[in-house]
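Visitor: I would like to learn how to read the features of a protein model. Could you take me through them one at a time?

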Amino acid sequence: MRPWRRVPPRHPLSLSVVGPPAPTPAARRRAPARPTSLSPSRAGDFMQCPLLYRFRVIDRLPEKPSPAATRGTLVHAVLERLFDAPAAERTAPRARSLVPGQWDRLRKNRPELAELFADDADGTQLARWLAEAEQLVERWFALEDPTRLEPVERELFVETRLESGLTLRGIIDRVDVAPTGEVRIVDYKTGKAPRPEYAEGALFQMKFYALVVWRLKKVVPRRLQLVYLGSGDVVTYDPVVEDLRRVERKLLALWEAIRSATETGDWRPRPTKLCGWCDHQQFCPEFGGTPPPYPLPLALPFGAPDSDDGEQGRIGPQ
C-alpha cells in the first residue's frame, strides 16, 4: 500500500464530531435506563455474558478501576498526544516523557483511580506500572513510524443510525487517509495478539467501526489495522462490502436479543474463564449471588390482561 499522509484540506471522512467529555464520578453512577445504542464494547459484553451486559448497561453497577485497563487508557492518551508535535519531534524519548503528565491528567479527570495504588506507600508499585506503560509506548516505534504519519483523526467519536433504527457508536483510535483517498482505521491494543483461532473476535470491533464509517460516509475502509503493543504484532484485514453487511446482520440479531431480554428481564449468565475477573460475582447466580431487583418495567406476557396500577407495561417512559 502507498504511505499514508494527511490530505489537506480536511478529508470528507472527517466528521467534525467532538468526542464525549470524560464522565465525572457522579455521571458514572446514573440511574438505571434501557439500552438505546450499541458500541463494540457493549456488543462484546452481551456476546460474552448477557447478565454482564445488564449489570453494565441497565443497572450501571460501579466497577473497580483495573491497573491493566487504566494502563491501556494512559498509553492511548500518550499516542494521541504525540501527534500534536511536529513530525520530526515524534520520537520515543518524547513519547516516554508524556507518560507522567498524561497520568496526572487522567487522575485529575477520574479521582477514583487513586485507589489503584492506595496501599503503595513508597511508590514502588506506581513506578513499576508507569515503567510498563513507557515500555509499551516505546514498543510502538518498532511497529510504526510516526514521523511518516499524519492522521486525519485521532480518538474520533462516530455515531450512525441504521435504517432499522439501531444506533451504533464508538471511538476510533486513529484514522489515516492516503493521497489516493484510501482509508485505514487503526486501533491500539496494549495486550498480546490472540491466537489465530481467536482473531475473529478482535476483528469484530474493527469491522464494527468500518460499518459505521461505511454507513456514514459511503466509504469502505481500505484497511483495518490492529497494533498489539503487548506482543509487538500488527494484524491487518482488508474488508469488503459483504463483510460489513454480515456484521450489520449480526448486530441486528444481537440487538433483537437485547431488546427481548430488556422486555422480559431474562438476563442469563454465560460462564466462561473470564468470570474470574468479573467485578459482579456477588450478584451472579453462578457464584451464589442474587442480581439486584430488575429496575425496568417488564412487558406483559402475550394474552395477559393490562395491569390496573400501571406498574407493568411497555419498556420506556410511561
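Visitor: Which residue lies over the face of Y237?

Guide: This is a predicted model, and in it K207 lies over the face of Y237, at 4.6 Å from the ring centre. A second case involves arginine: the charged end of R215 sits over the ring of W214, 4.2 Å from its centre.

Visitor: Rings can also pair with each other. How many aromatic pairs does a search of the whole structure find?

Guide: The search finds eleven aromatic pairs. Take Y53 and W267: their ring centres are 5.6 Å apart and their planes meet at 15°, so this pair is stacked, as planes under 30 degrees apart count as stacked.

Visitor: Where in the chain do Y53 and W267 lie?

Guide: Y53 is in helix 2 (residues 50-58), while W267 is in the segment after helix 7. The two are 214 residues apart, and the pair links distant parts of the chain.

Visitor: Are Y53 and W267 buried or exposed?

Guide: Both Y53 and W267 are buried.

Visitor: Why is the pair of W140 and Y188 called edge-to-face?

Guide: The planes of W140 and Y188 are at 85°, with the ring centres 6.0 Å apart, so the pair is edge-to-face. The cut-off for that label is over 60 degrees. W140 belongs to helix 5 (residues 124-140) and Y188 to strand 3 (residues 183-189), so the pair ties together parts that are 48 residues apart in sequence.

Visitor: Why do W140 and Y188 count as buried?

Guide: Buried means under 20% relative accessible area. W140 has 0% relative accessibility, so W140 counts as buried. Y188 has 4%, so Y188 counts as buried too. Ring pairs also link W140 and Y188 with F83 and F141 into a cluster.

Visitor: Now to empty space. How does one find it?

Guide: Rolling a probe the size of a water molecule over the atoms shows where empty space is left. Here, the second largest pocket holds about 150 Å³ of space.

Visitor: Which helix gives the most to the lining of the second largest pocket?

Guide: Helix 7 (residues 241-264) does, with four residues. The lining residues include R34, R161, W255 and R259. By type, the lining divides into four nonpolar, four polar and three charged residues.

Visitor: And the chain as a whole: how many helices and strands does its secondary structure come to?

Guide: The chain has seven helices and five strands. From the N terminus on, the order is α-α-α-α-α-β-β-β-α-β-β-α. Of the 318 residues in the chain, 40% are buried.

Notes
Residues numbered from 1 in each chain as written. Predicted model: local features only at pLDDT ≥ 70, side-chain atom pairs only at ≥ 80, totals over all residues. Heavy atoms only, no water. 1 Å grid on protein atoms, 1.4 Å probe; cavity = no way out; pocket = protein on both sides within 12 Å on 5 of 7 lines; lining within 4 Å. Points joined across faces, edges and corners; volume = space filled by probe spheres on them. Nonpolar A, V, L, I, M, F, W, Y, C, P; charged D, E, K, R; others polar. Phe/Tyr/Trp six-rings, centres within 6.5 Å; stacked < 30°, edge-to-face > 60°. Buried < 20%, exposed > 50% of the residue type's maximum accessible area, 1.4 Å probe, protein only. Lys NZ or Arg CZ within 6 Å of the ring centre and 35° of its normal.
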